[in-house]
Amino acid sequence: MPWRINAANRWRLWGAVLAGGVAGPVLLLAGLRVASAASVSLWLNLELVATAVLGHWFFRDHLTRYGWLGVAVTLLAATTLSLGSGAAGMLAGLLVLLACCCWGLDNHLTALIDGLSPSQSTFWKGLVAGCVSLTIGLLLHPFTATTLILLGAVFVGIWSYGASITLYIHAAQR
């Protein structure tokens with residue numbers, strides 16, 4: 001439980017939750033409001049750039065020249081995709097880049113958490129992020145889903161998000 005871990009790990013957990021579970025998705029949705037889903041899905045490759053650069057600058061990760069080349073080419077490709085859509089594309093690209101920076105920060109903070117199992121970290125991240133996302137959704141649009149659709153969404157969320165994040169955390173912590 002988060003209250004049983006030391007203060008540094010509690011800060012890492014809540015930083016990961018707020019950056020990756022709250023701010024990142026909100027910024028992504030803002031990007032989706034001004035650009036097509038196809039463009040935004042391509043810009044999501046910027047998470048690799050954000051994770052690598054944040055890791056190098058703040059978490060003492062080493063990048064080889066091929067690593068920097070990969071970062072530069074990915075950034076160039078994302079910028080090129082943004083230019084074709086004018087100002088809206090640049091704004092959407094910037095919003096997605098900010099979301100990816102949040103997820104990059106989340107990736108690093110999560111990998112550094114000690115004292116919680118990957119399942120526990122995922123539980124807390126999913127609980128807070130899910131509640132915030134549900135609240136935002138309910139504030140923006142009325143709830144119209146049937147119980148079956150709601151249960152299906154919860155099932156898919158638990159097994160797709162939950163399993164993938166748990167496996168990622170397990171790998172990142174090793």
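**Chatting through the helices**

User: Hi! How do the axes of helix 6 and helix 7 cross, and how close do they come?
Analyst: Hello! In this predicted model, the axes of helix 6 (residues 118–140) and helix 7 (residues 147–173) come within 8 Å, crossing at roughly 130°. That angle makes helix 6 oblique to helix 7.

User: Is that crossing left-handed or right-handed?
Analyst: Helix 6 and helix 7 make a right-handed crossing.

User: What span should helix 6 have, and what does the model give?
Analyst: Helix 6 has 23 residues, so at 1.5 Å a residue it should span 33 Å. The C-alpha atoms at its ends are 32 Å apart, which agrees.

User: And how far does helix 7 reach?
Analyst: From first C-alpha to last, helix 7 reaches 37 Å with its 27 residues. That is close to the 39 Å expected at 1.5 Å a residue.

User: Why would residues three or four places apart point the same way?
Analyst: It comes from the turn of an α-helix: there are 3.6 residues in each turn, so residues three or four places apart point the same way.

User: Nice. Where is Gly-157, then?
Analyst: Gly-157 is in helix 7. Its relative accessible area is 30%, so Gly-157 is partly exposed, as that value falls between the 20% limit for buried and the 50% limit for exposed. The C-alpha atom of Gly-157 is 9.0 Å from that of Gly-126, and the two glycines are 31 residues apart along the chain.

User: Switching to helix 1: where does it bend, and by how much?
Analyst: The bend in helix 1 is at Ala-23 and is about 30°. A proline, Pro-25, follows within four residues.

User: How far apart are the ends of helix 1?
Analyst: The end C-alpha atoms of helix 1 (residues 7–34) are 39 Å apart. Its 28 residues should span 40 Å at 1.5 Å a residue, so the two values agree.

User: What does the side chain of Asn-6 reach at the start of helix 1?
Analyst: A side-chain oxygen of Asn-6 comes to within 3.3 Å of the backbone nitrogen of Ala-8.

User: Which residues of helix 1 are buried?
Analyst: Quite a list! Among them are Asn-9, Leu-13, Ala-16, Val-17, Gly-20, Gly-21 and Leu-28. Val-26 also lies in helix 1, but at 40% relative accessibility Val-26 counts as partly exposed.

User: Is Thr-51 buried or exposed?
Analyst: Thr-51 is buried, as its relative accessible area is 19% and the cut-off is under 20%. Thr-51 has its place in helix 3 (residues 46–58), where its side chain reaches the backbone oxygen of Glu-47 at 2.8 Å.

User: Last one: what is the phi of Arg-60?
Analyst: Arg-60 has a positive phi of about 60°, although it is not a glycine. Arg-60 sits in the loop between helix 3 and helix 4 (65–83), and Arg-60 is exposed, with a relative accessible area of 81%.

Definitions and conventions. Residues are numbered from 1 along each chain as its sequence is written. This is a predicted model: local features need pLDDT of at least 70, side-chain atom pairs count only at pLDDT 80 or more; totals for chains, interfaces and linings use all residues. Side-chain values use heavy atoms; hydrogens and water are left out. Helices (H or I, at least four residues) and strands (E, at least two) are DSSP runs, numbered from the N terminus. The expected span of a helix is 1.5 Å times one less than its number of residues. The bend at a residue is the angle between axes fitted to the seven residues ending there and the seven starting there. Buried means under 20% relative accessible area, exposed over 50%, partly exposed in between (1.4 Å probe, protein chains only). A polar contact is a pair of N or O atoms within 3.5 Å; within protein, one must be able to donate a hydrogen and the other to accept it, and residues adjacent in sequence count only if both atoms are side-chain atoms. Axes are lines fitted to C-alpha atoms, for helices over the stretch in contact, and angles run from 0 to 180 degrees between N-to-C directions. Angles under 35 degrees count as roughly parallel, over 145 as roughly antiparallel, 65 to 115 as roughly perpendicular and the rest as oblique. A crossing is left-handed if the near helix is turned anticlockwise from the far one by less than a right angle, and right-handed if clockwise.
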